[in-house]
Amino acid sequence: MTKKAPPPRADGNQLRQRARGRTDSSAASQPAASDAEYKVGPGRPPREYRFKPGKSGNPKGAKPKPPSIAPDLKLALERALNKTVKLKQGEKERIVTMAVAGIEQLVAQFVKGDRHARRDLFALADKLGVDLLAGQHKGVQEALASNHQAILEAYVDRQYDKVVQPSPVLASPELLDDDPQDQDQS
């Protein structure tokens, strides 16, 4: 019986590089394993079908992506919003852009109580940095200040039982059952 020599030990860095599929230059300079030792399997194609060094696996290259239509859509939207339209208000006629007409229509629907217009108007105002309560902050603060304390107290009363668990009610010692007959049966 002949004993085979153990393979040279690899340090942790070499093991990590092998696990990642990398080899350092010293490993590349070592002679390749013989054909008898090389096992063909998943991730290990036969040597004659491997990519040759310096040659791409996809010589034609990746297919070009189709150009995006986003710039065309943006341009079309800008053109449509900048078109002019005549608006009649009573007997007067005004010439405005489609964007202005759309915003005025959105505000008119909001005033009528349309919930979708309200959502869209709030989102648009937030995005553009428009203060919808401009000039009305003082009136809102005065309305809140008059019943502010009552609102807070009512809220605290509602929330108190959710946070603080009431202590269990215990009967007084006089009400406890001290019958000797019941104690004998148990």
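This is a short walk through one predicted model, from its overall layout to a few side-chain contacts.

Layout to start. The protein chain has 8 helices and 2 strands. Read from the N terminus, the order is α-α-α-β-β-α-α-α-α-α. So much for the order of elements. Now burial. The chain has 186 residues, and 4% of them count as buried. Keep that figure in mind when we come to the accessibilities.

Next, helix 4. Helix 4 covers residues 98–112, which is 15 residues. From first C-alpha to last, helix 4 reaches 21 Å. That is close to the 21 Å expected at 1.5 Å a residue. Then look just past the end of helix 4. Gly 113 sits there with a positive phi of about 105°.

On to charges. Side chains of opposite charge can pair when their charged atoms come close. How many salt bridges does the structure hold? The count is 2.

Take Arg 94 and Glu 104. Their closest N and O atoms are 2.8 Å apart. What does this pair tie together? Arg 94 belongs to strand 2, residues 92–97, and Glu 104 to helix 4, so the bridge links parts 10 residues apart in sequence.

Now the rings. The aromatic pair count is 1. There is also a charge over a ring. Which residue lies over the face of Tyr 38? Arg 47 does, at 4.4 Å from the ring centre.

Last stop, the surface. There is a nonpolar patch of about 460 Å². Which residues make this patch? Phe 122, Leu 128, Val 130, Leu 132 and Leu 133. Pick out Val 130. Val 130 is in the loop between helix 5, residues 115–128, and helix 6, residues 137–146. Is Val 130 buried, partly exposed or exposed? Its relative accessible area is 47%, so Val 130 is partly exposed.

Conventions. Residues are numbered from 1 along each chain as its sequence is written. This is a predicted model: local features need pLDDT of at least 70, side-chain atom pairs count only at pLDDT 80 or more; totals for chains, interfaces and linings use all residues. Side-chain values use heavy atoms; hydrogens and water are left out. Helices (H or I, at least four residues) and strands (E, at least two) are DSSP runs, numbered from the N terminus. The expected span of a helix is 1.5 Å times one less than its number of residues. A salt bridge is a side-chain nitrogen of Lys or Arg within 4 Å of a carboxyl oxygen of Asp or Glu. Rings of Phe, Tyr and Trp (its six-membered ring) pair if their centres lie within 6.5 Å; planes under 30 degrees apart count as stacked, over 60 as edge-to-face and the rest as tilted. A charge sits over a ring if NZ of Lys or CZ of Arg is within 6 Å of the ring centre and within 35 degrees of the ring normal. Patches are made of residues with over 30% relative accessible area and no salt bridge: like charges are joined within 9 Å, nonpolar side chains (Val, Leu, Ile, Met, Phe, Trp, Tyr) within 5 Å. Accessible areas come from the Shrake-Rupley method with a 1.4 Å probe; for residues, only the protein chains shown count as cover. Buried means under 20% relative accessible area, exposed over 50%, partly exposed in between (1.4 Å probe, protein chains only).
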